[in-house]
Amino acid sequence: MKRPKAKKWVALVSKYGTIGLEMGLCVAIGVIMGAYLDKFLHTGPWLTIAFTLFGFIAGFKSLFKLAKDLIREEENREHDGRKDRNP
Amino acid sequence: MEHGGILYFKFIPFLNKLPGQVGNAVLVSLVLLILFFLGFRSIKKKGDDVIPDKKFTLANFMELLVEGCVKLIEDNMGKVGMSFLYIMGSLIIFILFNNLSGLVPGFAPATSNYNTTLALALTVFFLYQFYGFKVHGFKYLKHFTGPFLWLAPLMIPIEIIGHLARPMSLSLRLFGNMMGDHLVLAIFFMLAPLVVPLPIMFLGIFVSVVQTLVFVLLTMAYFSGAIEHEGEEEEGAHEAVEVAA
């Protein structure tokens, strides 16, 4: 297997290194949004709970999207490899 | 962060009344402006000469910088990217030189203050939403409603949270890296000012370049995510070129 070049390495860092921060921030933004909405609408704890769950889902959705991209990339690479072997 | 030492922008008449990060950003931009003005003049004087100079001149430096920006954008966004050359190029140059200015004594980098990075990230956020609306029109809202219409009440808050997390993560990453680097450097200078900070300064160059690239690559990913059509990427790219140009 080929080692990634220097520029490729930075691209990988920017793509996969961002997921941890983004998952945490999604939950945090969800909680803060829910708490403020509760404060203004006087709806008890319900919106906080709902938006926390939305935050979790948003974080996992970005992870899921990344995994889907990775799978598609792998498939493309396999496809290209086969084409190279039997021209 | 409070600085004990001398800061250059304190000596310039109008800049010393501004807050620290703004003064430094303006000072770095002024230096860049003078450099680019001189480089532009030397390029004009050279005419359309294809052969580069023997020594490393300002004109070479400018050509190197612009070529690097163009290549980075074309590699990551394709042909559509050239319509975003101005915003991407300004982001690259501003962030890179502000990061690197932290290694020069007398500069406190503007990017180690959260105000600056949040301003940059919010600019990116509003611009990519604007270009999304410009390319797709009202259909851009379909990006937020998810695959089925009956899922829309669930998907809209999720997508809004996901989109709000983007500028936050962009700004926090750049701020955290630059602030941490600067702080470590300051502490090492305080403890052992002679040779010990050198590896940290080398690490500082590395971190500055990598964080610039990470910021710009993520910005490009957000822009191309906003302007692409789902499923029909090739046609979308052509349309996007026409609309954005």
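Guide: We can begin with contacts along the sequence, keeping in mind that this is a predicted model. In chain B, among the contacts with a separation of 6 or more, 63% are accounted for by residues 24 or more positions apart.

Visitor: What does the secondary structure of chain B come to?

Guide: Chain B has eight helices and zero strands, so that, by the DSSP runs used here, its elements read α-α-α-α-α-α-α-α from the N terminus on. Of its 245 residues, 30% count as buried.

Visitor: How do the axes of α6(B) and α7(B) cross, and how should I read the angle?

Guide: The two axes come within 10 Å and cross at roughly 175°. Because angles over 145 degrees count as roughly antiparallel, α6(B) is roughly antiparallel to α7(B). Where these helices meet, α6(B) contributes residues including L170(B), L174(B) and F188(B), while α7(B) contributes, among others, I200(B), V207(B) and Y222(B). The residues of this contact divide into 15 nonpolar, three polar and three charged.

Visitor: How many residues does each chain bring to the contact between chain A and chain B?

Guide: In general, the size of an interface is often given as the accessible area lost when the parts come together. Counted by residues, the contact here takes 15 from chain B and 18 from chain A. On the side of chain B, α6 (152–191) and α7 (197–227) each supply at least two residues, with α6(B) giving the most, 10 residues. That side of chain B divides into 12 nonpolar residues, two polar and one charged.

Note on methods. Residues are numbered from 1 along each chain as its sequence is written. Chains are lettered from A and ligands numbered from 1 in the order in which they are written. This is a predicted model: local features need pLDDT of at least 70, side-chain atom pairs count only at pLDDT 80 or more; totals for chains, interfaces and linings use all residues. Two residues are in contact if their C-beta atoms, placed from the backbone, lie within 7 Å. Helices (H or I, at least four residues) and strands (E, at least two) are DSSP runs, numbered from the N terminus. Ala, Val, Leu, Ile, Met, Phe, Trp, Tyr, Cys and Pro count as nonpolar, Asp, Glu, Lys and Arg as charged, and the others, Gly among them, as polar. A residue is buried if 20 or more other C-beta atoms lie within 10 Å of its own, exposed if 12 or fewer, and partly exposed in between; C-beta atoms are placed from the backbone. Axes are lines fitted to C-alpha atoms, for helices over the stretch in contact, and angles run from 0 to 180 degrees between N-to-C directions. Angles under 35 degrees count as roughly parallel, over 145 as roughly antiparallel, 65 to 115 as roughly perpendicular and the rest as oblique.
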